[in-house]
Amino acid sequence: MTIARAHTNIALIKYWGKKDPTLIIPYANSLSLTLDQFYTTTEVTFADEAAHQDEFILNGQRLAPKATTRLAAFLELIRQRARVQRYFKVKSENHVPTAAGLASSASGFAALALAASTTAGLQLSSRDLSRLARRGSGSACRSIFGGFVEWHKGYDDQTSYAEPLQADQHVAMDIGMLALIISDQPKQISSRKEMANTVATSPFYDAFIQACEQDMIILKQAITQNDFVTLGQIAESNAMKMHATTMGAQPPFSYFLPETIQAIQAVQRVRREGLDCYYTMDAGPNVKVIGRASELETLQVRLTELLPNTPMVAARPGPGAMLLSDFEFGQ
Ligand code: ADP
Ligand code: DP6
Ligand code: CO
């Protein structure tokens with residue numbers, strides 16, 4: 001039996017669109033920050049010899065076969081690589097809302113990649129683990145590592161993987177994120193489906209990919225120079241350019257809710273008041289506010305005054321995927 005934990009990551013330069021949907025090779029590099037407050041813990045054992053399919057229990061509930069297709073296909077990759085026949089039994093706990101735009105697919109598939117590959121007897125390097133996690137969910141390849149992480153888009157299965165910006169995965173910048181939980185309900189349209197539709201139909205898509213290349217250069221420079229303000233400005237701008245591509249898609253679509261706009265306006269107001277903060281958003285209505293870690297509490301107090309009904313979770317840079325001993329499960 002193996003237990004693994006992986007934390008979610010939030011992209012500052014977004015991954016949005018697959019050049020190769022089977023191998024999950026993206027059109028552009030992306031760059032994220034792994035967070036300490038949101039994570040998945042996953043336990044994997046071999047099922048009985050008589051079992052004829054994988055079994056999944058997510059947050060104490062057995063998943064219906066329809067909900068397991070994507071997970072079963074991922075475990076099949078591991079069986080092939082490890083040359084084992086046995087099905088798996090997977091028990092997973094999300095300490096993050098599932099499918100709500102808070103990156104459960106990133107922590108979920110990173111934890112599953114580590115736990116299942118270890119159970120199957122594979123001892124993968126972290127780069128190979130990143131490549132494997134990528135096949136479950138693109139963003140999961142970044143959750144193998146802690147701190148700032150870049151996913152190199154590459155051009156095939158070998159060359160598409162994530163890498164920590166700092167070798168020791170330590171974040172020197174005074175940075176954190178406040179997650180504003182506007183809705184913890186599953187999104188109407190999955191990231192996978194909406195990004196495919198965006199690539200296929202949005203006239204803004206090429207412009208977004210070009211912008212990502214420019215944004216990446218400036219953002220990496222900002223990290224090197226410990227320039228929080230530039231990092232925030234670029235992350236905010238990159239996220240809004242991503243959301244503009246879905247509004248330009250056919251059919252037009254947006255993950256925004258009315259409360260999303262209110263939250264964005266509150267962030268802009270607090271910034272005008274003199275507290276540096278920026279917003280980013282993923283495939284869901286929730287807003288993540290980028291702030292200085294040392295100012296996160298002040299930021300939370302002020303934003304709570306402006307948005308009294310919005311739960312907020314303060315997060316700081318988190319670690320990469322790890323194996324746990326069994327008594328730590330459920331913590
Ligand atoms: P999110 O914004 O939460 O990442 P996605 O639409 O990208 O939402 O992905 C949701 C999917 O991620 C789920 O349908 C499931 O396939 C997968 N997922 C979520 N949690 C886990 C988990 N603990 N283990 C494995 N896969 C998971
Ligand atoms: C907006 O990694 O969830 O969060 O590869 O289809 O599983 P799949 O999609 P996913 O997409 C993440 C999109 C994003 C941006 C990001 O995390 O870079
Ligand atoms: Co996801």
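# Close-up views of a predicted model

**Figure 1. Leu75 in helix α1.** Leu75 is part of helix α1, which spans residues 69-82. The structure shown here and in the following views is a predicted model. Leu75 is buried, and its relative accessible area is 0%. Leaving out residues up to four places away in sequence, Leu75 touches Asp54, Phe56, Phe88, Val90, Leu112 and Ala116.

**Figure 2. The largest nonpolar core and a second one.** The largest nonpolar core has 74 residues. The members that touch the most other members are Leu12, Ile78, Leu112, Phe148, Ile175, Leu231 and Ile290. Helix α2 (residues 104-119) supplies the largest share of this core, nine residues. A second, separate core is made up of 20 residues, among them Ile182, Phe256, Ala263 and Ile264.

**Figure 3. Surroundings of Leu231.** Which residues are in contact with Leu231, leaving aside its neighbours within four places in sequence? They are Leu12, Phe148, Met173, Ile175, Leu219, Ala222, Ile223 and Ile290. Leu12, Phe148, Ile175 and Ile290 are, like Leu231, among the residues of the largest nonpolar core that touch the most other members.

Figure 4. Helix α8 covers residues 296-306, and its buried residues are Leu296, Leu299 and Leu303. Viewed down the axis of α8, these buried residues fall within an arc of 60°, so they line one face of the helix. An α-helix has 3.6 residues a turn, so residues three or four places apart point the same way. On the other side of α8, the exposed residues are Glu297, Val301 and Glu305. The elements against which the buried residues of α8 pack are α7 (258-272) and the strands β10 (176-180), β11 (277-281), β12 (287-291) and β13 (312-315).

**Figure 5. Strand β1 between its partners.** Strand β1 runs from residue 2 to residue 13. Because 12 of its 12 residues are buried, β1 is largely enclosed by the rest of the structure. With strand β4 (residues 30-46), β1 forms an antiparallel pairing over 10 bridges. Within that pairing, Leu33 of β4 is the bridge partner of Ile10. Strand β14 (residues 322-324) is also antiparallel to β1, and three bridges join the two. Here Leu324 of β14 stands opposite Ile3.

**Figure 6. Thr41 in strand β4.** Thr41 is located in strand β4. Is Thr41 buried or exposed? Thr41 is buried, with a relative accessible area of 0%. Its side chain makes a polar contact of 3.1 Å with the side chain of Arg5.

**Figure 7. Ligand 1 and the residues around it.** Ligand 1 has 18 residues around it, of which Ser92, Asn94, Ser104, Ser105 and Lys187 come nearest. An N or O atom in the side chain of Lys187 is 2.7 Å from an oxygen atom of ligand 1. For the side chain of Ser191, the corresponding distance from an N or O atom to an oxygen atom of ligand 1 is 3.2 Å. Ala99 takes part through its backbone, with an N or O atom 3.0 Å from an oxygen atom of ligand 1.

**Figure 8. Ligand 2 and the residues around it.** Which of the 17 residues around ligand 2 come nearest? They are Tyr15, Lys18, Ser137, Gly138 and Ser139. In the side chain of Ser137, an N or O atom is 2.6 Å from an oxygen atom of ligand 2. In the side chain of Arg192, an N or O atom is 2.8 Å from an oxygen atom of ligand 2. Asp282 places a polar side-chain atom 3.2 Å from an oxygen atom of ligand 2.

**Figure 9. His243 in helix α6.** His243 belongs to helix α6, residues 228-247. The relative accessible area of His243 is 1%, and the residue is buried. Its side chain reaches the backbone oxygen of Asp282 at 3.4 Å. Not counting residues up to four places away in sequence, His243 touches Tyr255, Phe256, Met281 and Asp282.

Key: Residues numbered from 1 in each chain as written. Chains lettered and ligands numbered in written order. Predicted model: local features only at pLDDT ≥ 70, side-chain atom pairs only at ≥ 80, totals over all residues. Heavy atoms only, no water. Helix = DSSP H or I, 4+ residues; strand = E, 2+ residues; numbered from the N terminus. Buried < 20%, exposed > 50% of the residue type's maximum accessible area, 1.4 Å probe, protein only. Contact = heavy atoms within 4.5 Å. Arc of directions from axis to C-beta. Core = buried A, V, L, I, M, F, W, Y, C linked by side-chain atoms within 4.5 Å. Pairing = 2+ DSSP bridges. Near = heavy atom within 4 Å. Polar contact = N/O pair within 3.5 Å; in protein donor to acceptor, adjacent residues only side chain to side chain.
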